[in-house]
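Me: I've got a structure open and want to talk through a few spots in it. Can you walk me through them?

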Amino acid sequence: MAPLAGAALSACGTSGPGTTGGSGGGGGGGGKASWWYLSGDPNETIRKDNIKSWNSSNAQETIDITFFQNDAYKTKIKTAIGAGQAPTMIYGWGGGTLASYAAAGQVIDLTDWLSQNPDVKNAVLPASYGPATIDGKIYAYPNENASPIIFYYNKRVFSKAGISAPPKTWDELLSLVKTLNAAGIAPIALAGQSRWTSMMWLEYLFDRVGGPDVFNAIFKGEANAWSNADAIKALTMVQDLVKAGGFIKGFESITADSNADQALMYTDKTAMMLHGSWTYAGMKNDGGDFVPGGNLGWFDFPTVSGGKGDPKDTCGNPGQYTSISSKASEEAQKVAKDFFAKGIMSEEVIQKFIDSGQVCIAASAADKFAASKDKDFLEYAYNLTKNAPVFQQSWDQALSPATAEALLSNIDQLFSLSITPEQFATNMNATLGK
């Protein structure tokens with residue numbers, strides 16, 4: 001499995017779960033199939049309409065879709081798969097979690113089927129297959145959108161604080177934090193309770209300080225890899241940012257599932273936010289005139305003086321991933337494959353993703369960006385993905401589920417200043433190779 005290139009975290013927000021579609025569920029039966037998906041618009045509505053249209057045109061192959069909030073889904077799906085009660089189609093992020101499913105024989109190998117259906121395989125960008133590929137075999141179909149992590153800023157707030165341009169270096173970022181705090185403006189929105197949002201800071205800082213080899217050593221399970229000097233420096237830098245008042249007060253109780261961090265941006269409560277490219281669509285959908293009015297800006301993650309990483313490196317997710325449960329009936333598996341071939345990335349779905357401001361990974365999508373109202377952002381995010389020498393997959397998806405949970409727990413303590421960078425490294429070293 002490739003440690004680089006990623007899987008997607010999706011926008012979330014409504015109170016799930018909710019279901020729409022035909023009948024039946026579970027592992028799929030009676031020739032019909034089921035799909036578990038994440039709540040939160042615009043994607044929740046896109047998929048509701050997608051399934052409604054599919055069921056209307058495919059009466060013998062109807063699909064049920066059930067929506068869950070992001071964090072709740074991660075727990076629910078593991079329990080269901082472990083109990084042999086997974087939905088037919090399993091939404092996921094590839095990487096370490098998918099590898100654990102594949103090792104346990106819980107998802108089917110799609111390699112031969114995709115080879116026999118090259119039009120389906122080639123309908124999405126080749127680079128998106130990395131996190132779906134385990135030991136040379138493909139266990140999930142990439143779909144939807146590339147999701148690099150973007151550094152956003154609020155142009156209205158910057159203007160109010162007398163700031164003329166976003167920071168290009170870490171030192172400039174720390175200087176802006178002082179300026180914004182002096183002006184009584186919270187510098188950075190962070191949904192710290194969700195923990196994976198804090199993780200994105202470490203992903204970028206590890207790369208900017210030490211380059212991709214620091215995390216690659218962790219991924220390989222090399223002894224004491226978390227204690228690398230560059231890792232300790234990156235961990236220290238993020239605590240320095242916390243101590244400097246970089247994040248809005250009370251960030252530890254803010255959740256990404258409620259999109260509260262995004263709301264802080266479009267209501268002018270904060271000046272900046274590091275988050276996935278999918279939040280552009282969320283802020284466009286929920287923020288009134290904020291995005292259409294040209295008040296949202298974005299910039300590359302700052303460079304670090306003396307850092308070893310290429311400033312063009314990025315992190316996040318090159319697509320979303322849908323697997324088929326090995327416990328599903330043959331009929332349900334056929335429905336899922338037919339949906340992969342004709343429904344999951346239909347032209348209608350592709351256009352809706354683009355219209356919502358998302359970087360669709362369909363091979364045909366790039367030609368459609370120019371006509372989009374979101375052309376500037378889409379092309380920035382697309383080029384950020386396309387030109388990145390290294391696209392680091394989200395750590396909580398690249399690593400095994402057990403290690404990822406330990407990681408998120410320790411990140412929570414790191415950001416709350418409950419443990420030192422050295423203690424963080426010691427705790428995580430104990431998980432290497434697990």
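This is a predicted model: local features need pLDDT of at least 70, side-chain atom pairs count only at pLDDT 80 or more; totals for chains, interfaces and linings use all residues.

Me: Why do H8 and H10 count as oblique?

Reply: Angles over 145 degrees would be roughly antiparallel and 65 to 115 roughly perpendicular, with the rest oblique. The crossing is at roughly 130°, so H8 and H10 are oblique to each other.

Me: Which residues meet there?

Reply: From H8 you have Trp201, Leu202, Leu205, Phe206, Val209 and Gly210. On the H10 side they meet Asp230, Ala231, Lys233, Ala234, Leu235, Met237, Val238 and Leu241. By class, the H8 contact with H10 divides into 11 nonpolar, 1 polar and 2 charged residues.

Me: And what about H18, how does H8 cross that one?

Reply: H18 is the helix at residues 401-415, and the axes of H8 and H18 cross at roughly 80°, coming within 9 Å. That makes H8 roughly perpendicular to H18.

Me: Who's touching whom between H8 and H18?

Reply: Trp196, Ser198, Met199, Trp201 and Leu202 in H8 meet Leu407, Leu408, Ile411, Leu414 and Phe415 in H18. The H8 contact with H18 has 9 nonpolar residues, 1 polar and no charged ones. Trp201 and Leu202 also turn up on the H8 side of the contact with H10.

Me: Switching topic: how many disulfides does the structure hold?

Reply: It holds 0 disulfides.

Me: Are Cys315 and Cys360 buried or exposed?

Reply: Cys315 is buried, at a relative accessible area of 1%. Cys360 is buried too, with 2% relative accessibility.

Me: OK, last one. Where does Tyr153 sit?

Reply: Tyr153 is in strand E8, which runs over residues 145-154. Its relative accessible area is 13%, so Tyr153 is buried, given that the cut-off is under 20%.

Me: Leaving aside neighbours within four places in sequence, what is Tyr153 in contact with?

Reply: Tyr153 is in contact with Phe158, Pro166, Met265, Ala271 and Met272, and also with Asn295, Leu296, Gly297, Trp298 and Phe299.

Me: And Tyr266, how far apart are its C-alpha atom and that of Tyr153?

Reply: The two C-alpha atoms are separated by 9.8 Å, although Tyr153 and Tyr266 are 113 residues apart along the chain.

Terms used:
Residues are numbered from 1 along each chain as its sequence is written. Side-chain values use heavy atoms; hydrogens and water are left out. Axes are lines fitted to C-alpha atoms, for helices over the stretch in contact, and angles run from 0 to 180 degrees between N-to-C directions. Helices (H or I, at least four residues) and strands (E, at least two) are DSSP runs, numbered from the N terminus. Angles under 35 degrees count as roughly parallel, over 145 as roughly antiparallel, 65 to 115 as roughly perpendicular and the rest as oblique. Contact means heavy atoms within 4.5 Å. Ala, Val, Leu, Ile, Met, Phe, Trp, Tyr, Cys and Pro count as nonpolar, Asp, Glu, Lys and Arg as charged, and the others, Gly among them, as polar. A disulfide is a pair of cysteine sulfur atoms within 2.5 Å. Buried means under 20% relative accessible area, exposed over 50%, partly exposed in between (1.4 Å probe, protein chains only).
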